[in-house]
Amino acid sequence: GIIETDGIETDVYVPHNFIAEVYIRKHEEYSYVSVSIATCGSVDSGKSSLIGRLISEQYDDGDGFARQFVLQMKHERDQRRNGIGRGQTSCISHQLLGFDTEGNSVNEFLHKTIATFTPDRSSWKSIIPLSSRTIHFLDLAGHVQYLKTTISGLTRFKPDYIMLAIDANKGIWPMTKEHLIWIFALRKPFFIIITKCDTVTEETHTKLMCTIEKFFRGPGIRKSLIHVIDRDGIFMSREAITQRQLIPVFSVSNLEPTSNPSKYEEMYDNGINLLKQFLNYIPVLTRVHPSETLKGTPVLCRVLERFDVAGVGIVLNARLESGCINVRDSLFLGPYTDGSYQEIVVKSIERNCIPTNQAIAESKICMSFRKFKRDIPNGKNIKRSGLIISTSPRDAVYTFIGEVKFIHTKTVYRQMS
């Protein structure tokens with residue numbers, strides 16, 4: 001492992017009169033830890049551009065260059081003025097950032113060494129073998145029209161942390177408060193990113209910090225903020241975010257730094273580097289108990305997405321909550337509309353686009369199957385809420401007794417015809 005103190009890496013004898021906080025990371029070949037982080041915030045708060053800046057290691061041009069690495073749909077790129085898209089996210093986008101054992105960005109290394117490197121899913125096979133830690137970003141929508149998509153991403157994919165983006169020009173908007181309601185309802189730890197700091201003056205930034213601090217100290221929240229401007233703030237934030245005592249705040253800009261920056265410009269120019277260091281040290285919340293990976297433990301896997309891949313067939317993206325799945329395992333998929341289950345055999349497994357022969361609990365995987373009936377009679381179909389289990393399936397029910405929590409918001413939810 002690597003023992004790292006505040007700015008010092010050492011593997012030698014430490015004197016008895018020296019006190020330091022150390023961070024020890026286990027290093028194994030072909031092994032890495034993964035942390036999932038979802039983005040929230042109002043529309044046009046720079047969420048996609050920030051992720052694009054982190055994964056591509058390229059500066060934004062102020063006109064949406066960085067977010068082109070994150071946008072998925074064609075209409076997200078086409079809905080633009082003067083031929084350049086607005087970049088309004090409408091679907092869930094998955095992106096990956098890797099760190100090696102020394103805490104350096106693997107994406108930055110690949111960007112410098114490979115001229116044709118682009119941070120899309122095809123590059124994950126190059127990022128993961130070099131990484132001891134990966135950050136899995138879920139870029140969610142900020143427009144009220146796509147609020148259902150955002151809530152679906154928070155509940156189905158169960159991210160470890162939430163990255164709340166606040167525009168330095170606009171501050172806290174109604175949709176920001178709406179996302180906060182869901183963050184507190186799901187009890188997710190989160191941190192705040194103040195974006196577009198290059199567009200406001202130091203005085204405006206100071207007023208915004210006071211406004212945000214006053215808001216989070218108000219009734220119903222009662223949280224304190226810590227503005228991370230140096231390395232000491234990173235370690236304080238690392239301990240506080242899991243205990244929900246303090247909310248870390250980072251001030252960033254995606255643009256290239258000026259040649260003669262002022263003290264305020266140096267602060268937000270260094271914000272990206274501080275944010276990457278924080279992501280490298282952020283604790284791993286998902287811990288797998290050894291009993292959940294033992295052979296014979298019942299498998300419980302929830303279907304998240306379904307794909308029809310040419311030459312492969314049906315591919316399911318799923319979250320393995322307990323048990324262990326191996327290639328050639330016989331499982332049950334369902335329940336279908338009539339309450340029945342279909343027996344399936346696992347043909348292949350991929351985790352983060354990397355083929356593997358085994359998947360353990362608390363991992364997100366994609367699987368293809370043998371003996372899979374593509375056209376099932378009687379109107380049966382695979383739903384995103386379906387289950388993959390290993391034990392003999394029980395009869396499905398249409399009615400049950402449960403506890404329901406209602407969340408009061410100003411947004412109107414209705415069934416679309």
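Reply: A nonpolar core is a set of buried Ala, Val, Leu, Ile, Met, Phe, Trp, Tyr and Cys residues joined through side-chain atoms within 4.5 Å; buried means under 20% relative accessible area, exposed over 50%, and partly exposed in between (1.4 Å probe, protein chains only). The model is predicted: local features need pLDDT of at least 70, side-chain atom pairs count only at pLDDT 80 or more, and totals for chains, interfaces and linings use all residues. Residues are numbered from 1 along each chain as its sequence is written, and side-chain values use heavy atoms, with hydrogens and water left out.

Me: How much of the protein chain is buried?

Reply: The chain has 10 helices and 21 strands (DSSP runs numbered from the N terminus: H or I of at least four residues for helices, E of at least two for strands). Of its 417 residues, the buried share is 46%.

Me: And what share of the contacts between residues at least 6 apart in sequence joins residues at least 24 apart?

Reply: A contact here means heavy atoms within 4.5 Å. Counting pairs at least 6 apart in the protein chain, the share that joins residues at least 24 apart is 69%.

Me: What does F190 touch beyond its neighbours within four places in sequence?

Reply: As background, nonpolar side chains in soluble globular proteins tend to be buried together. With those neighbours set aside, F190 is in contact with I162, L164, L180, I183, F184, F216, I241, I247 and P248.

Me: Which residues does I221 contact, leaving aside neighbours within four places in sequence?

Reply: I221 is in the loop between α7 and β11 (224-227), and it counts as buried because its relative accessible area is 16%. Its C-alpha is 9.9 Å from that of L180, 41 residues away in sequence. Those sequence neighbours aside, I221 is in contact with F184, F215 and F216.

Me: Are α5 and α6 roughly parallel or roughly perpendicular?

Reply: Their axes come within 11 Å and cross at roughly 25°; axes are lines fitted to C-alpha atoms, for helices over the stretch in contact, and angles run from 0 to 180 degrees between N-to-C directions. Under 35 degrees counts as roughly parallel, over 145 as roughly antiparallel, 65 to 115 as roughly perpendicular, and the rest as oblique. So α5 and α6 are roughly parallel.

Me: Which residues make that contact between α5 and α6?

Reply: They divide into six nonpolar, three polar and one charged (Ala, Val, Leu, Ile, Met, Phe, Trp, Tyr, Cys and Pro are nonpolar, Asp, Glu, Lys and Arg charged, the others, Gly among them, polar). From α5 come L147, T150, I151, L154 and T155, and from α6 M175, E178, H179, W182 and L186.

Me: How are α1 and α10 oriented to each other?

Reply: The axes of α1 (residues 47-56) and α10 come within 11 Å and cross at roughly 75°. L50, R53 and L54 of α1 meet I272, L275, K276 and L279 of α10, a set with five nonpolar, no polar and two charged residues. Given that angle, the two helices are therefore roughly perpendicular.

Me: What is α8's orientation to α10?

Reply: The axes of α8 (residues 231-243) and α10 (residues 271-281) come within 10 Å and cross at roughly 40°. That angle makes α8 to α10 oblique.

Me: Where is P335, whose peptide bond from G334 is cis?

Reply: The omega of that cis bond is near -10°. P335 sits in the loop between β16 (330-334) and β17 (342-351).
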